[in-house]
Amino acid sequence: MTRALITGGAGFIGSSLVRHAVLDLGWQVLNVDKLTYAGNLENLKAVEGRNNYQFMQADICDRAAMQAAMDEFKPKYVIHLAAESHVDRSIKDAASFIQTNVVGTYTLLECALNHYRALDAEAQAAFRFHMVSTDEVYGSLGAEGLFTEETAYDPSSPYSASKASADHLARAWHRTHGLPVVVSNCSNNYGPYQYPEKLIPLMISNALAGKPLPVYGRGENIRDWLYVEDHVRALVKIVTTGKAGETYNVGGRAERKNIDIVRLICSILDELAPASSGKPYSELISFVTDRPGHDFRYAIDCTKIERELGWKQAESFDSGLRKTIEWYIGNQGWCDAVRNKKR
């Protein structure tokens with residue numbers, strides 16, 4: 001049975017990966033999560049009690065705990081998603097981002113290297129350390145062009161700088177120590193179970209609560225959007241068939257202006273859950289002061305993973321967004337619970 005140690009598996013993307021790995025693939029999974037505000041075991045009710053699932057509450061910066069996890073669980077794959085990930089929070093509190101994203105990644109790499117060196121030749125050939133990263137490390141694009149795997153890093157925020165540092169560390173452990181590392185950089189994820197501080201779930205939950213819909217600047221910033229379940233399938237492709245030392249960009253081919261997304265969310269909500277006031281949700285849109293260092297545009301060229309690993313996305317942006325909105329309408333209790341959780 002394939003054994004995968006997944007860090008950050010109680011978070012948004014991580015929990016989607018854990019559910020897929022445990023329920024669909026039948027992998028033996030050890031989920032390591034610190035359970036900060038964004039980690040939620042409610043995301044994993046579907047796998048609780050499964051004999052191929054284990055949970056360990058631990059900080060990835062705790063070297064003794066991470067080494068024990070590697071030594072006892074003996075993973076074939078380490079898939080590293082644990083991270084502080086919100087740009088606005090990184091501007092206010094960069095220290096926690098440096099600690100988790102940089103020091104935590106270093107700690108995991110050292111522990112994974114010790115584990116790797118103890119494996120026999122056959123197991124070493126199969127082992128992978130998958131560094132899951134973001135397109136934000138590349139900085140900002142103008143009106144044209146796409147990020148490729150060869151694009152130079154140019155991070156703008158403390159968050160993206162910390163993730164760029166982690167990526168560089170992972171590649172250095174591959175080149176210096178021979179640790180079989182693969183790196184992936186993805187565009188903006190959306191879907192069920194996303195903590196409602198990010199754009200799409202924040203707009204949905206605020207609208208349903210009759211609260212203002214805050215949009216930075218004039219909402220002209222552009223992002224490429226990727227449905228979380230499509231991303232998870234890409235992560236599995238990369239860790240199982242990707243070549244050690246390679247980077248794979250994962251995108252949704254779905255560039256949208258922020259304001260257009262907010263208006264589309266309002267339109268779908270008008271259809272699926274009309275406001276009791278009878279007014280359109282778009283009347284709640286409020287433009288607020290732009291955040292510092294706000295990158296104008298991100299767009300991913302995902303040709304490499306499509307061509308070399310055979311990955312294809314299953315959801316269009318329209319179908320994925322509708323599924324997401326339907327989920328949040330039906331799970332407002334989950335949103336209330338995570339918002340009320342101590343930070």
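Analyst: **A loop and its surroundings**

Leu-35 is partly exposed, with a relative accessible area of 22%. The cut-offs are under 20% for buried, over 50% for exposed and partly exposed in between, using a 1.4 Å probe and protein chains only. The model is predicted: local features need pLDDT of at least 70, side-chain atom pairs count only at pLDDT 80 or more, and totals for chains, interfaces and linings use all residues. Residues are numbered from 1 along each chain as its sequence is written, and side-chain values use heavy atoms, leaving out hydrogens and water.

Leu-35 sits in the loop between strand 2 and strand 3. Helices (H or I, at least four residues) and strands (E, at least two) are DSSP runs numbered from the N terminus. The backbone deserves a check here: Leu-35 is not a glycine, yet its phi is positive, about 60°. Arg-253 is another non-glycine with a positive phi, about 50°. Its loop runs between strand 10 (247-250) and strand 11 (255-257).

Back to the loop in question. Asn-43 also lies between strand 2 (28-33) and strand 3 (53-57). Asn-43 counts as buried, at 2% relative accessibility. What does its side chain pair with? Another is the side chain of Trp-334, joined to that of Asn-43 by a polar contact of 3.0 Å. A polar contact is a pair of N or O atoms within 3.5 Å; within protein, one must be able to donate a hydrogen and the other to accept it, and residues adjacent in sequence count only if both atoms are side-chain atoms. Setting aside neighbours within four places in sequence, Asn-43 is in contact with Ala-10, Gly-11, Ser-15, Arg-19, Tyr-193 and Trp-334. Contact means heavy atoms within 4.5 Å.

Trp-334 leads on to a helix pair. In helix 12, Gln-332, Trp-334 and Cys-335 meet Trp-327, Tyr-328, Ile-329 and Gly-330 of helix 11. By class, this contact has five nonpolar, two polar and no charged residues. Ala, Val, Leu, Ile, Met, Phe, Trp, Tyr, Cys and Pro count as nonpolar, Asp, Glu, Lys and Arg as charged, and the others, Gly among them, as polar. The axes of helix 11 and helix 12 are 5 Å apart, at an angle of about 75°. Helix 11 is therefore roughly perpendicular to helix 12. Angles of 65 to 115 degrees count as roughly perpendicular. Axes are lines fitted to C-alpha atoms, for helices over the stretch in contact, and angles run from 0 to 180 degrees between N-to-C directions.

Helix 9 gives the largest share, seven residues. The core has 31 residues, of which Ile-200, Ile-265, Phe-317 and Leu-321 touch the most other members. Such a core is a set of buried Ala, Val, Leu, Ile, Met, Phe, Trp, Tyr and Cys residues joined through side-chain atoms within 4.5 Å. Not counting residues up to four places away, Ile-265 touches Ile-200, Met-203, Ile-204, Leu-321 and Ile-325. A second, separate core has 27 residues, including Leu-30, Ala-58, Met-66 and Val-78. In soluble globular proteins, nonpolar side chains tend to be buried together.

Ala-58 returns us to strand 3. It lies in the loop between strand 3 and helix 2 (63-73). Ala-58 is buried, at a relative accessible area of 10%. Beyond four places in sequence, Ala-58 is in contact with Val-32, Asp-33, Lys-34, Ala-65 and Met-66. Its C-alpha atom is 13 Å from that of Thr-107, which is 49 residues away along the chain.

Ser-184 belongs to strand 6 (residues 181-186). Its side chain makes a polar contact of 2.8 Å with the side chain of His-130. Leaving aside neighbours within four places, Ser-184 is in contact with His-130, Met-131, Val-132, Ser-133, Thr-134, Leu-235, Ile-238 and Tyr-248.

Definitions and conventions: Parallel < 35°, antiparallel > 145°, perpendicular 65-115°, else oblique.
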